[in-house]
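Dear colleague,

I am passing on the structure we spoke about, and below it you will find notes on what came out of the analysis. Please read them with the model open beside you.

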Amino acid sequence: MTQQTPEGRRADALRMAEMAAAGKRAEAISAQALIDDFVATARSRGLPTERLMATQLDGRVVKTDKQGWYLNKKRSVAIGEGGEWYVLTVPSTTWGRFTGVKLQPSQPELVVARGGRDGESGDLVEFLQRVLDVADGAGSDG
């Protein structure tokens, strides 16, 4: 077995990183299609949005500048009014509790809370359906 040169290892690592990024982009495109359908359905049903709150890393809950629908009981992931994907765990700031925080959307994922310990991970489509079911009175709190 021949040993690879440092340049060869770097090139392999770069290729693997590029493939992983391409996979993430493809996942985000698929997830966004599901989210766009959810937003259209939620609007057609008159499902109200609410002010999104975020949790700072120090545990403080702070207001945000966005409205939307929470996807899970922990309220750590939400969909914004325009179909944006928000992860609602944010860095702690001194002024956050007074002024609130400005959320930036993230790339959506097909698995909600992937790798999370809270027992609330699962397929995006199931979480979106749960929000719609709860709004219709057909499901449990999501």
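Which residues of the largest nonpolar core touch the most other members? Of the 17 residues in that core, they are Phe 38, Trp 69, Leu 71, Ile 79, Trp 85 and Leu 124, and α1, β3 and α3 each supply at least two residues of the core. There is also a second, separate core of 10 residues, which includes Ala 54, Val 62, Ala 78 and Val 101.

Please keep in mind that this is a predicted model. The mean pLDDT of the chain is 88, with 91% of its residues at 70 or more; confidence is lowest in helix α2 (residues 96-99), where the mean is 84, and highest in strand β3 (residues 77-80), where it reaches 97.

Turning to the helices, α1 (residues 6-44) and α3 (residues 124-135) pack with their axes 10 Å apart and at an angle of about 5°; since angles under 35 degrees count as roughly parallel, the two helices are therefore roughly parallel to each other. On the α1 side the contact is made by Ala 31, Leu 34, Ile 35, Phe 38, Thr 41 and Ala 42, which meet Leu 124, Val 125, Leu 128, Val 131 and Leu 132 of α3. The residues of this contact divide into 10 nonpolar, one polar and no charged.

Finally, Thr 94 lies in the loop between β5 (89-90) and α2, and Thr 94 is exposed, with a relative accessible area of 59%. Thr 94 and Ala 22 are 72 residues apart in sequence, and their C-alpha atoms are 37 Å apart in space.

With best wishes

Notes. Residues are numbered from 1 along each chain as its sequence is written. This is a predicted model: local features need pLDDT of at least 70, side-chain atom pairs count only at pLDDT 80 or more; totals for chains, interfaces and linings use all residues. Side-chain values use heavy atoms; hydrogens and water are left out. Axes are lines fitted to C-alpha atoms, for helices over the stretch in contact, and angles run from 0 to 180 degrees between N-to-C directions. Helices (H or I, at least four residues) and strands (E, at least two) are DSSP runs, numbered from the N terminus. Angles under 35 degrees count as roughly parallel, over 145 as roughly antiparallel, 65 to 115 as roughly perpendicular and the rest as oblique. Contact means heavy atoms within 4.5 Å. Ala, Val, Leu, Ile, Met, Phe, Trp, Tyr, Cys and Pro count as nonpolar, Asp, Glu, Lys and Arg as charged, and the others, Gly among them, as polar. pLDDT is the predictor's confidence in each residue, from 0 to 100. A nonpolar core is a set of buried Ala, Val, Leu, Ile, Met, Phe, Trp, Tyr and Cys residues joined through side-chain atoms within 4.5 Å. Buried means under 20% relative accessible area, exposed over 50%, partly exposed in between (1.4 Å probe, protein chains only).
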